[in-house]
Amino acid sequence: MKEPSRMDSAKGDTRPPSRLKILFADDELSLQELMSIELPRMGHEVTVCPDGPTAVAALERNSYDCIIVDLDMPGMSGIQVIGKCKELSPDTDAVVLTGKASFETARDALRFGAFDYLTKPCKLVDLKGLLLRVAVKREWVNKCKALKHQLERVQGKTELVGDSPSMAKVKKLIEKVAPTSSTVLILGETGTGKELVARAVHQHSLRREAPFVAINCGALPEALIESELFGHRKGAFTGADEHRTGLFEVAHGGTIFLDEIGELPKSMQAKLLRVLESGEIRRVGDNTAFVVDVRVICATHRQLPDMVETGDFREDLMYRINTFEIHIPALRERIDDVPEIAGHLFRRFRPTLKSGDELFTPDAIDLLQKHSWPGNVRELANVIEHATILCDQPPISPEHLPQRFGAGRKSSGPPKLKIVSPISLRELENHAILEALDRHQGNKPAAADELGISLKTLYNKLSQTQLDKAG
Ligand SMILES: Nc1ncnc2c1ncn2[C@@H]1O[C@H](COP(=O)(O)OP(=O)(O)OP(=O)(O)O)[C@@H](O)[C@H]1O
């Protein structure tokens, strides 16, 4: 096996994104010489290999942004090199060089995961353009990874914590339904983890690499929902100054999560049903419809059959979305899960905790397990965040819990607010919201009504509480 030769255009550790680390493999000496001069001239770093085995050995030792391989090499074909490359380093982009005669083989190479191909004799300007496209694609992939990472930090990992029998059942249902393309309806009180379950379904499905797009049907004004979901053409209505891509289109290949589906206005229910039945969407102001491949997951804390009875929800839509139901029990019905979820949340808020640390005193756990959790896991997360701020050193003890957990106080029913020491306005507001939600069994429109705020404001406040925690 021959030694590869490396040519750099510049030395140094940090490379601009457009500068690629390239592995070039071709048995033609003249091409090897040309590439070792021209690729560095284009600003790339190149390692030149005379055959397939040498290229694979180089791939085993180093990582490359891109490999350019000749298809017809003695000993090992370019397709075999690409196969090995995808195994060793799936992120490396492969470009195939081929003679005109092997056009079909080049097409096969694309099927094997090559980024593109060039026909010999290739013009340097074409090679330069192609490598620029590789660099641009890599930059976008990196940006996507960074965004995904940021999103995970804000949302927390999609880890469904809790092994109580009822949660074990939920996990089993997720496992069963995830690989299918069935529409899923997730039911449960506010804060029980409906969005988390929807994410888990997406992540266990074959669509996991495609987008998961969540929208809260109750948080958008009626006039905007249609263009938010399906998009609009520029000029479709007053204020439509730009073309807008709808969320169904954004989610193509992936999953759309329609949270609070019970809040969807009647006019939109009919349009959604049409989309679910035909798989086609039409942008507002557009005459032509187009097909999207999107899995739909819906969630609600409402009793849809009751809404059908009162005429607030279309019966046909209910039957279209409730093919497979997952009911998430309220936290008070799986109180055994509280210590584990509380520990998980404490670690989320304080990532520096060590694995052997005692996280809670038995008294604190006792108080947490006696609470009725009207706001479910979201309320628990609030409480643990509060305790994390007060607790310099673990374990969390009763004094770190909010006032309403006064040690020894038995909680049954919604917590009653007693202001005995300073309390922040935000805490007071959160408490009022949780109590109102509890009084109305999680019914957000009714709670918003009682609080004298719009449903949209209530959603904003609930998600603000979540953002505060994530931030
Ligand atoms: N089993 C669980 N394990 C870990 N974290 C959980 C669990 N259930 C819920 N959470 C956390 O609780 C918070 C609320 O969850 P989520 O937003 O999924 O609830 P929801 O039912 O969709 O709420 P809403 O009805 O208000 O839309 C999130 O921070 C989520 O990560």
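Before you click on, a word about what you're looking at. This is a predicted model, where local features need pLDDT of at least 70 and side-chain atom pairs count only at pLDDT 80 or more, while totals for chains, interfaces and linings use all residues. Residues are numbered from 1 along each chain as its sequence is written.

**Zoom out**

Of its 471 residues, 36% are buried. (Buried means 20 or more other C-beta atoms within 10 Å of the residue's own, exposed means 12 or fewer, and partly exposed is in between; C-beta atoms are placed from the backbone.) Take the contacts between residues at least 6 apart in sequence: 71% of them join residues at least 24 apart.

(Two strands pair if DSSP finds at least two bridges between them.) Strands of a sheet pair through backbone hydrogen bonds, either parallel or antiparallel.

Walk across it, pair by pair:

- S8 and S11 share 5 bridges in the parallel sense; look for Asn-216 opposite Asp-259 in S11.
- S11 and S14 run parallel and are joined by 4 bridges; here Phe-257 stands opposite Ile-297 in S14.
- S7 (184–187) pairs with S15 in the parallel sense over 4 bridges; Ile-186 has Ile-326 as its bridge partner in S15.

Stay on S11 for a moment, since 5 of its 5 residues are buried. On one side you'll find Thr-255, Phe-257 and Asp-259, and on the other Ile-256 and Leu-258.

**Around the ligand**

The shell holds 20 residues, and the closest are Val-161, Gly-193, Lys-194, Glu-195 and Val-377. (A residue counts as near if its C-beta atom, placed from the backbone, lies within 6 Å of the molecule.) H7 turns up again here: H7, H13 (338–349) and H15 are the elements that give two or more residues to the shell.

Colour the shell by type and you get 7 nonpolar, 9 polar and 4 charged residues. (Ala, Val, Leu, Ile, Met, Phe, Trp, Tyr, Cys and Pro count as nonpolar, Asp, Glu, Lys and Arg as charged, and the others, Gly among them, as polar.)

Which residues does a cis peptide bond join, with omega about -5 degrees? Select Lys-120 and Pro-121. Pro-121 sits in the loop between S6 (116–119) and H5 (124–155). Another cis peptide bond joins Pro-394 and Pro-395, with omega about 10 degrees. Pro-395 is in the loop between H15 (376–390) and H16 (425–439).

Then try Glu-260, a residue other than glycine with a positive phi near 55 degrees. Find Glu-260 in the loop between S11 and H10 (266–278); it is buried, with 22 other C-beta atoms within 10 Å. Trp-373 isn't a glycine either, and its phi is positive, about 50 degrees. Look for Trp-373 in the loop between H14 (362–370) and H15, where it counts as buried with 27 C-beta neighbours inside 10 Å.

**Last stops**

Jump to His-431 in H16. His-431 counts as buried because it has 22 C-beta neighbours inside 10 Å.

Finish on H17 (444–451), where Lys-444, Ala-447 and Ala-448 are buried. Look down the axis of H17: its buried residues fall within an arc of 100 degrees, so they line one face of the helix. (The arc is that of the directions from the helix axis to the C-beta atoms.) Just after H17 comes Gly-452, with a positive phi of about 75 degrees.

Technical notes:
Contact = placed C-beta atoms within 7 Å.
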